[in-house]
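Student: I have a new model open on my screen. Could you help me learn how to read it?

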Amino acid sequence: MKQSIARIALVVDDYDKAIEFYTKKLDFLLVEDTPLEGDKRWVTVTPPGDGQCTLVLAKADNEVQESRVGNQTGGRVFLFLYTDDFWRDYYAMVERGVKFVREPEKMPYGMVAVFKDLYGNLWDLLEPIS
């Protein structure tokens, strides 16, 4: 059997703000932005690279979902962005205004720093040890 995770839904409050952050600040690629019924859209982005796992930017449409924007995991690191060049990506993200909440640190599993997305979700920027 072969399985993989293809998409992860990330609850956002505004499609266009989310697209701008992920494509301009993190250099992700906009894979799809398809209008659906009403004001719904199917929006997916992916980091440059293999593109096997995409984020679905899912706009909150009720109070419960709105309460989860930026806090889908109770304040724990939520997503892990792997890179082949930690310092290249770290400095580019800092230059673009991405807020790092934990400074770069060499760990047994690789070089890592923690940043917040525009909603406050925590991410690891990680260059794993080969």
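Tutor: Let's walk through a few features together, keeping in mind that this is a predicted model.

Student: Where should I look to see how strands pair up? Which way do strand 6 and strand 7 run, and how many bridges join them?

Tutor: Look for bridges between two strands and then for their direction. Strand 6 (residues 99–107) and strand 7 run antiparallel, joined by 6 bridges. The two form a hairpin with 2 residues between them. At one pairing, Met-107 stands opposite Gly-110 in strand 7.

Student: And what happens on the way to strand 8? How many bridges join strand 7 to strand 8?

Tutor: There are 7 bridges, and these strands run antiparallel. Here Lys-116 stands opposite Leu-122 in strand 8. This hairpin has 5 residues between the strands, and Gly-120 takes a positive phi near 105°.

Student: Is Asp-117 buried or exposed, and which side chain of opposite charge is nearest?

Tutor: Asp-117 is buried, and the nearest side chain of opposite charge is Lys-116, 8.8 Å away. A salt bridge needs the charged atoms within 4 Å. Asp-117 has no salt bridge.

Student: Which side chains make polar contacts with the side chain of Asp-117?

Tutor: One is Tyr-22, whose side chain is joined to that of Asp-117 by a polar contact of 2.7 Å. Another is Trp-123, with a side-chain polar contact of 3.4 Å. Leaving aside neighbours within four places in sequence, Asp-117 is in contact with Leu-10, Phe-21, Tyr-22 and Trp-123.

Student: Let me move to the helix. Which residues of helix 1 are buried?

Tutor: In helix 1 (residues 15–25), the buried residues are Tyr-15, Ala-18, Ile-19, Phe-21, Tyr-22 and Thr-23. What covers them includes strand 1 (7–12), strand 2 (29–35), strand 3 (41–46), strand 4 (54–59), strand 7 and strand 8.

Student: What can I find at the ends of helix 1?

Tutor: At its start, a side-chain oxygen of Asp-14 reaches to within 3.1 Å of the backbone nitrogen of Asp-16. After helix 1 comes Asp-27, with a positive phi near 65°.

Student: How should I read aromatic rings?

Tutor: A pair of rings is described by the distance of the centres and the angle of the planes. In this model the count comes to 12 aromatic pairs. One aromatic cluster is formed by Phe-21, Tyr-22, Phe-28, Phe-86, Trp-87, Tyr-90, Tyr-91, Phe-100, Phe-115 and Trp-123.

Student: One last residue, please. Why does Thr-44 count as buried?

Tutor: Buried means under 20% relative accessible area. Thr-44 has 2% relative accessibility, so it counts as buried. Thr-44 lies in strand 3, and its bridge partner in strand 4 is Val-56. Leaving aside neighbours within four places in sequence, its contacts include Arg-7, Leu-29, Glu-32 and Thr-54.

Student: Which strands does strand 3 pair with?

Tutor: Strand 2 and strand 3 run antiparallel with 6 bridges, and strand 3 and strand 4 run antiparallel with 2 bridges. In the hairpin of strand 2 and strand 3, Gly-38 takes a positive phi near 60°.

Notes. Residues numbered from 1 in each chain as written. Predicted model: local features only at pLDDT ≥ 70, side-chain atom pairs only at ≥ 80, totals over all residues. Heavy atoms only, no water. Buried < 20%, exposed > 50% of the residue type's maximum accessible area, 1.4 Å probe, protein only. Lys, Arg positive; Asp, Glu negative; His and termini not counted. Polar contact = N/O pair within 3.5 Å; in protein donor to acceptor, adjacent residues only side chain to side chain. Contact = heavy atoms within 4.5 Å. Helix = DSSP H or I, 4+ residues; strand = E, 2+ residues; numbered from the N terminus. Pairing = 2+ DSSP bridges. Phe/Tyr/Trp six-rings, centres within 6.5 Å; stacked < 30°, edge-to-face > 60°.
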